[in-house]
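Hi there,

Here is the structure I promised to send over. Have a look at it first, and then read my notes on the charged side chains below.

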Amino acid sequence: MCDLMPVSQPPEKIGKMKKLRRTLSESFRSIAFKKEDSGFDEICVTKMSTRSCQGTDSVIKPLDTIPEDKKVRVQRTQSGFDPFEKPTSQVKRVHSENNACINAKGSSAGKESPKLRRHSSPSSPTSPKFGKADSYEKLEKLGEGSYATVYKGKSKVNGKLVALKVIRLQEEEGTPFTAIREASLLKGLKHANIVLLHDIIHTKETLTLVFEYVHTDLCQYMDKHPGGLHPDNVKLFLFQLLRGLSYIHQRYILHRDLKPQNLLISDTGELKLADFGLARAKSVPSHTYSNEVVTLWYRPPDVLLGSTDYSTCLDMWGVGCIFIEMIQGVAAFPGMKDIQDQLERIFLVLGTPSEDTWPGVNSLPHFKPDRFTVYSAKKLRQAWNKLGYVDHAEELASRFLQCFPKNRLSAQAALNHEYFSNLPPRLWELQDMSSIFTVPNVKLQTESGDSIQVCARRNSHGKASSGSKH
């Protein structure tokens, strides 16, 4: 079950935070790279005017005292590019390799490793290098928002496709906190079901995060195959989602923005957690969390009612919504108006809460019993009939969709649910970096007579436009 977060110290004052923002912005200026023969550079970010990098110990610590000053998108169909809701899968290519770093000060002393000297060899002054803007060719623009532009690109070093998230820096504001969070949290995560951060490029004007390029996301995949996905594919997607969540939850990290757009799908069917701009490390003391997290359709009732005291339970509600959407082919709770409408849709199925069913609900800031119609709880299959066609699916969904946060099933416990009992036992023995598709006979089934492929891109009105490929 999920445990709630302890309340801790109050957040920093605004003035001090601005100063901290500028300081942390400077931290990216000391990024250095060590090229590995087999692929992309490994990255270590050090703080300016602090200790040197020692192996993998030096990382930018996740900032839990950062005030939330932006609201997430309310509806999935509002797919204009936004730092909190990326409209295409290309924005979300994040993961990190962090086994080596080179201290800027140490490098200037003149002692470099043989591999390092190859980078700056006089015999190849114009050869492309990692960590340099000219090492990547921009192929096409994928989206633009208030603080970043995303491009499909290609590495001149090894020819791989990448996604380039170019974040514009302002002299007064420095590096946006969402970018700092994304890079600092993900550089320590290595898992097959979490997207990969390849490179970081820092200049005076921009900070560029270079992500692995993945063809589509779950939202686009479901749009391509309407009416619900093949039950076997739903099971494999859900298993991978739970694998990735279990991994980050065990490391005290909350994603806080689970939705189909933030789950990437590779051409082999591998699902990858992406877009950690709203993620927070719950191990860092914080007086409170923001309740302006998670896109409205996937936001749990406790957060909708103003709770700021939450933990991994927040993500598990989103898992339940996504699970039902994959099976049924429609969003579980597609609120069309506001938070009140969203809550009404939830209570219509799960029942209007009371102190008996949800201890402490009366103390939540936005819960006023006279504002809500009193509904009794229904069986989930009454709302989503396809749950009844798949063994144990309804029971598992009901364990995720619990109004009382502490009653929600954890990611690790869900992996052992009977719903997955017909999968090969070797799936539970895989190493973190091993794909489930390395296990014999584990593969996606054909969807509606079509193999997995790149899906149509949504236009600004949330409708699919044909022929677009990314």
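One cut-off before the details: a residue is called buried when its relative accessible area is under 20%, exposed when that value is over 50%, and partly exposed in between. Please keep in mind that this is a predicted model.

As background, side chains of opposite charge can pair when their charged atoms come close.

Take glutamate 270 and lysine 272, whose side chains form a salt bridge at 3.8 Å, N to O. Are these two buried or exposed? Glutamate 270 has a relative accessible area of 11%, so it is buried. Lysine 272 also counts as buried, because its relative accessibility is 8%.

Another pair is lysine 259 with aspartate 257, bridged at 3.9 Å from N to O. Both lysine 259 and aspartate 257 are buried.

Then there is glutamate 395 with arginine 399, where the N to O distance is 3.7 Å. Both sit in helix α11 (residues 393-400), and because they are four residues apart there, about one helical turn separates them. Glutamate 395 is partly exposed, with 38% relative accessibility, and arginine 399 is partly exposed too, at 24%.

Cheers

Note on methods
Residues are numbered from 1 along each chain as its sequence is written. This is a predicted model: local features need pLDDT of at least 70, side-chain atom pairs count only at pLDDT 80 or more; totals for chains, interfaces and linings use all residues. Side-chain values use heavy atoms; hydrogens and water are left out. A salt bridge is a side-chain nitrogen of Lys or Arg within 4 Å of a carboxyl oxygen of Asp or Glu. Buried means under 20% relative accessible area, exposed over 50%, partly exposed in between (1.4 Å probe, protein chains only). Helices (H or I, at least four residues) and strands (E, at least two) are DSSP runs, numbered from the N terminus.
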